[in-house]
Amino acid sequence: MVGSRLWRAGFRHQQRHVWQSILSVLGIALGVAVVMAVGLANQSASRAFEITMEQISGRVTHQIIAGSAGLPEQLFTDLRRQYPYLPSAPVVEGVVRIDEEQLTLLGLDPLSERPFRNLTLNAPPRVQNQLLTSRDGLLISTYSAQRLGLDTGSRITLDIAGTIQEAEILALFGDRREAALDGVLVTDIAVAQTLLQQFGSLDRIDLALDETQAAMLRDWLPEGVRLVETERRTAAMADMSQAFQTNLTAMSLLALLVGGFLIYNTATFSVLQRRRQFGIMRLLGATRGEVFRAILAEQMLIGLIGTLVGMGAGILLARQLLWLVTRTINDLYFALTVSQLELAPQILLTGSLLGLLTTFFAASVPAWEATRSSPQSVNRRSVIERRSHRALPWLLLIGIAGMAGGALLVQASERSLLMGFAALFCFIMGYCLLVPTLVPPLSRLLQHPLKWLFGTIGRLASRGIDATLSRTGPAIAALTLAIAATIGMGIMVESFRDTVGQWLAQTVQGDIYVTAPHSASKRASAPLPDWLLEQVEALPGVEDLSSGRHVTLESENGPVNLLAIGLAARSYRGFHFKGETLPDLWERFATGDLLLISEPYAYHNRLQVGDALPLLTPDGVVRFTIGGIFFDYGSDRGLVVMPRDRYATLWHDKQITTLGIYLQAGEPIEPLLTRIKQLAGQSERPLQVRANREILEQSLEIFDRTFTITRVLRLLVIAVAFVGIVSAMMALQLERAREHAILRATGLTPRQLLGQISLQTLLMGLIAALLAMPLGWLMAEILVHVINLRAFGWSMPSQLSPTILLEATGFALIAALLAGLYPSLRMARTRPALALREE
Amino acid sequence: MKWLCFLLLLLLLTGCTEPPAPAAKLSATGLLSTVDQAGFARATAPREFSFPRDHGGHPEYRNEWWYFTGNLQSNNGRRFGYQVTFFRFSLTPPGSVKSASSWAGNPVWMAHVAITDADGQRHLAEERLVRTGPGLAGVETEPFRVWVEDWQLDATGSTFPWRINITAREFKIVLELEGESSVGVILQGDQGLSQKSAQPGNASYYYSYPRMHTTGNITLDGTTFRVQGNSWFDREWGTSALSPDQTGWDWFSLQLSGGENLMYYQLRDSEGEPDPFSAGTLVSAIGQSRRLTPDDVELTAERWWQSPTGTRYPVEWSLRINSQNRTLQVKPVLDDQEMDLSVRYWEGAVDVYEQNRLTGRGYLEMTGY
């Protein structure tokens, strides 16, 4: 009997406090939505990669790969003549563009495909014939075709390394709902070689081997060629973007953590407002269990609604995040087309569970608290306040232990990214537990200036915070966390951007740079024409030139980026080394003994100055010594630098990819820029000629682009925090309606009450902002020095930006003010006597 | 199997003679079915043959093959039949695809090899299918060489002897073939122009070496047998041959004990009736050849055999030459000599009897069943 009354009472309460309920739902929904959206976007990207690799690799177990020049195709003939019974297929692979979209062009020999893939084999004979005989026929998946508005017979324009080529869609393959192989164009090997202008070489040979055959083949293969396991190679590629995706997940969990904390607050107040009611119910005969279950059920219902709304919002949000994630992966790691959001059940389940569990824990604490005390004492605030003040030393202790644990975890876990995040979360939770202890001294500190400024109302506002610490403590802790999260993420991104900006300014020493826009090969950047270097050198006003050749070498552990440079005198300044270098660095570098490696490369491969680094050249493995480790924020995969002469000799590759032009002192840049642009215009392929400044701007643009997703996440965390703050503070003030009524009854005008409430919420916002600053800064330190280092191998100074601190304070105060507004207006409209009677 | 390409075309035109190849199996059938004949040369009139030049390739024609069959005997009396064939199918006329890619616009090559082990009562066959690519397959005249991957026919320079070198999964064939015999080269049909149906150009250039003395080794189950015997070499190229209503053929190449050699093919229409363009040649021991027409030859199927794949083949025949009043009984060394490859057909070693006396050996090919 009493049980059902309890339920109805709960329902009535929610009905009367509909805004509060909506905010609770919104808080949970936002938290769940962010976690789910990031999870789904990440999962879709990973899955697209997996499926694409699976379909491209087919039943391939091993691959023969070579250096930047690819494999001579004669090797395939030799292989077939030597081992005709080993299933083998030649593959030519390149990157092409349709409009702005980047696609993979896969050139296969249909006659060799049977053991591996069905891509070309499922086509009807007419199409197979066309594939083998047409000059420019392609196959595309039904899904991609639909997405790009193409159909059988469509003519398409391909941008291949800046050159425009026409091609025809011969047929579509696959199911229209199946996004697998989205972004892959399949064609005959002859067509691929023709389109990519890559004659006489292959990108790889696919094989299906057992271990004995693999060992036999390894012995037979010539120097400079390597047999790798497909799985390992695919895994190494997937690893490239792993750190980035882990980071996103952790950021989304941060949003949930903030959300969870705020849910806890909302739930607490919702329960606390009804302590008296629960007390009465207990007196009427409701058991502890009944009250506990009723509270929990009510909060879980809110949690469930929030989770469902969050799920829907998460899916919508995931669609937006997906292209941001994909773009970043494309910018930083590898070409990947993800156009289909995969609603992975495990992510939906995890998101829902997180939402429900967070609500469960957030609601159990106040529910337990409400049922713990004896019916009479439930009514007495003083009991709780005394108790919560007594708990402070314990909270302090646990908090310090948590923070110390976090610090220890950072030390102990050395390189693990996940442990880094675990440490970060320990640290954050520890700090949050400290907050209630820090609130009383802070509020006392502010008491005098407030009294001086606002008189009694000021004092009331500040004393009230301390007096109701059991409520204000957690609320301020939640606020602190929310604000700190935005500060931490903000500082990290800003520090990163500043560092990259400075690094770019140092690295880009030349005045004008010439590059080919983008490459059709996955192995090397598009080369510049041979004649360009000499002609540019001969121009009046040019003092010096630097040249670079950018290639990707294959290794067991995935691709290695190599930059072979011919340095101008001034370009030495572009290198800034981390720690010591070997003596006579540049002399020895010039002779070709030494290599330079970038910081991420050193970090990921655990290399130090003086270590040996073997590299696979066409004539076999050559061992180099690492002369220095330089700062580089261009790639988190890392970069290996060697002199161009040495590279040209070892790899038989004299081409260059970039040309840096240094002008004579005082020479104006514009005329030469125009002149060089004219020269570049004579090239068959379009070339990019850019001034130093332009490169800096464009690089930062790309940087900003890749960080858009982080910024978006930060905004989402802010949104979660904002909603949470408003709902928590509002609930706090509503809970004190009786107190306010007494104040009104004792003579406070509505205006004064408004002032008092606003002042108190503002004060809480301010305290939270003040407390959030050290936490935010510490979070940023961990993000920059632990997480970034472990994820990407980058070290950088962190920079405390006042703008971010001000921004955070401002937003905390606005949220607090808004939160105070509704309860005080409501109170001001109500007659105090009524309020007293009601409560 | 000689007219594989013609058959393939035919299969597609008639539609249902053979069930379509499984989708995931790239079949020569499918590929060739859609090859346009435009742009290729046609065999419309007799030509001047010139050797060894004509042993080499004729890329201006769409199809071409080098076809060896033979009956061999080991020193210790074991009997083997063998087949080694290289087919070239061009998908585009030479020079029509302009690209520097070594894979562009080049022919598809197919090789079929088989061995019949009479004592072991088994028949083993294997296929290779590749495109020319960067030297995966091809033909060269000087020195003479035809190859598909590691399977190869070659000579030192361009003269006999020729060498066949085949390593298959289950057997190995290494042979040396001598072309200089009293019989020499035989031009089939009208001075080498073999008309296959009424339409002009539905013909091929066709010559044979009906009796090449052959020595070498055959390795089976790890044992190498020193063998010798006679091979029949057929060489044919053209662009199109059969007409739509011709559905298959039965083709005989028989080496008789008196030194005579008989080639006869009977084309069948969809009703199974002999086609008027069926033809053959009887070559005497000293190389004098005489054309055989359908009026002159009567073929009767004597016994049928059903293969494990369900196809029924007439494996025993009687072949009557009316003008000579002779009847030859043709019996297989082994019933199961079906070539279950991209295209399924029956090709196998046979014994020839005349008046119940063994009088020769040869090879029989049956398609379109």
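Domain bounds here come from an automatic or database domain assignment. For chain A, that assignment gives domain 1 (71-202), domain 2 (383-509 + 700-839) and domain 3 (517-686). The model is predicted: local features need pLDDT of at least 70, and side-chain atom pairs count only at pLDDT 80 or more, while totals for chains, interfaces and linings use all residues. Residues are numbered from 1 along each chain as its sequence is written, and chains are lettered from A and ligands numbered from 1 in the order in which they are written.

Taken over C-alpha atoms, the centres of domain 2 of chain A and domain 3 of chain A are separated by 48 Å. Two residues are in contact if their C-beta atoms, placed from the backbone, lie within 7 Å. The contact between these domains takes 11 residues from domain 2 of chain A and 13 residues from domain 3 of chain A. On the domain 2 side, the elements that give two or more residues are helix H17 (469-507) and helix H25 (750-792) of chain A; helices (H or I, at least four residues) are DSSP runs, numbered from the N terminus. H17(A) provides the largest share of that side, five residues. By class, the domain 2 side has five nonpolar, six polar and no charged residues. Here Ala, Val, Leu, Ile, Met, Phe, Trp, Tyr, Cys and Pro count as nonpolar, Asp, Glu, Lys and Arg as charged, and the others, Gly among them, as polar.

Next comes the contact between chains. Chain A and chain B contribute 28 residues and 28 residues to it, respectively. On the side of chain A that touches chain B, at least two residues each come from helix H3 (74-82), helix H4 (125-133) and helix H6 (189-196) of chain A. H4(A) gives the most to that side, with six residues. The side of chain A that touches chain B has 11 nonpolar, 10 polar and seven charged residues.
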